[in-house]
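Here is a quick tour for someone meeting this structure for the first time. Have a look around the model, then read on.

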Amino acid sequence: MQTSPRSSASSTVARWIGCVSVIVPVYNEAAHVDELLQAIHASPVKKEIIIVDDGSTDGTREKLRAMPLDKDVTVVFHEENCGKGAAIRTALQYARGEYVLIQDSDLEYDPQDYPALLRPLEQRHANVVYGVRPDRPERGLRFFLGAKLLTHLTNLLYGAGIHDEATCYKVFRRSVLAQISLDCQRFEFCPEVTAKLSRMGEKISEVPIAYKPRSAGEGKKIRHADGWLAIWTLLRHRFTRRAR
């Protein structure tokens, strides 16, 4: 029996309803990429996984190329290191799910939190959900205070009323995220997307998540300069005219 083009198109659309596109920027994570993929696959949600290797030089690229990957995994390679924000923008070109979730590659965040993060979206209570890390300086006083500063500045400038602006776990309805144009290259993805969605009038919902911090010696890549760039990004987008 032949399938009509209309029914084929309908089944394709249905495939992505309720699906989350998990975007994973990866840079020099050869020691962890296997464990990370296993953890994402083990999360009990309907998903596709989009990995962007951002010019790794430690064997991560070769490892990804040699892996037997499931059909729901897409791997894209940057020829040189461009930054987390650039990797996310690349991955968004491949995302097909109803929702988009950002997953760092450093195992600080637990994919078992996906169901809780998606619930406000599935119940139509929100279009944007942030995962809030435990309010303890366990990730190092410098990172803890820096995150607090960014959160307070975000609330002051945008009236966002959130508790963890710098969290990795940000989940969006893809149709809403598609309405903004992102320019980020590095870690300023977080303040840029928060600023632009807030200016659109989107209310950010929050859910508590687990968190196991990693130190710079263990491979954490964010630096002091990224904190200053985040502050500048929040200020810049608050006081510039919003594009139509």
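## A helix with a hidden side

Which residues are buried in α5? They are Y114, L117, L118, P120 and L121, where buried means under 20% relative accessible area, exposed means over 50%, and partly exposed is in between (1.4 Å probe, protein chains only). They sit on the same side of α5, because they cover an arc of only 150° around the axis; that arc is taken from the directions from the helix axis to the C-beta atoms. In general, an α-helix has 3.6 residues a turn, so residues three or four places apart point the same way.

What do the buried residues of α5 pack against? The list is β1 (20–26), α2 (33–42), β4, β5 (128–132), β6 and β7 (204–208). Contact here means heavy atoms within 4.5 Å.

## Where the picture comes from

This is a predicted model, where local features need pLDDT of at least 70, side-chain atom pairs count only at pLDDT 80 or more, and totals for chains, interfaces and linings use all residues. Residues are numbered from 1 along each chain as its sequence is written, and side-chain values use heavy atoms, with hydrogens and water left out.

## The whole chain

Stepping back, the protein chain has nine helices and seven strands. Both are DSSP runs numbered from the N terminus: helices are H or I with at least four residues, strands are E with at least two. Of the 244 residues in the protein chain, 49% are buried.

Take the contacts in the protein chain with a separation of 6 or more: 77% of them are between residues 24 or more positions apart. The accessible surface of the protein chain is about 12300 Å², and carbon and sulfur atoms account for 54% of that. Such areas come from the Shrake-Rupley method with a 1.4 Å probe, and for residues only the protein chains shown count as cover.

## I40, a residue in α2

I40 belongs to helix α2 and is buried, with a relative accessible area of 0%. Leaving out residues up to four places away in sequence, I40 touches V22, V24, K47, I49, Q103, P111 and Y114. Along the chain, I40 and Q103 are 63 residues apart, yet their C-alpha atoms are separated by 9.0 Å.

## Rings and charges

How many aromatic pairs are there? The count is four. Rings of Phe, Tyr and Trp (its six-membered ring) pair if their centres lie within 6.5 Å; planes under 30 degrees apart count as stacked, over 60 as edge-to-face and the rest as tilted. Y109 and Y169 make a tilted pair, because their centres are 5.0 Å apart and their planes are at 50°. Y109 lies in the loop between β4 (99–102) and α5 (114–122), and Y169 in the loop between α6 (141–158) and β6 (170–173), so this pair ties together parts that are 60 residues apart in sequence. Y109 and Y169 are both buried. F172 and F189 pair up edge-to-face, at 6.5 Å centre to centre and 85° between the planes. F172 is in strand β6 and F189 in helix α8 (residues 189–199), so that pair links parts 17 residues apart in sequence.

Ring pairs also join Y109, Y114, Y169 and Y211 into a cluster. The charged end of R133 sits over the ring of Y211, 5.1 Å from its centre, and R65 lies over the face of F77, 4.2 Å from the ring centre. To count, NZ of Lys or CZ of Arg must be within 6 Å of the ring centre and within 35 degrees of the ring normal.

## Helix α8 and the cysteines

α8 is mostly covered, with 10 of its 11 residues buried; among them are F189, C190, P191 and E192. After α8 comes G201, with a positive phi near 95°.

How many disulfides are there? The count is zero, where a disulfide is a pair of cysteine sulfur atoms within 2.5 Å. For C184, the nearest cysteine sulfur is that of C190, 8.9 Å away. For C190, the nearest is that of C168, at 7.2 Å. C184 counts as buried at 1% relative accessibility, and C190 does at 8%.

Most residues other than glycine have a negative phi. L107, in the loop between β4 and α5, has a positive phi near 70°, and is partly exposed at 24% relative accessibility. R124, in the loop between α5 and β5, has a positive phi near 60°, and is exposed with a relative accessible area of 61%.
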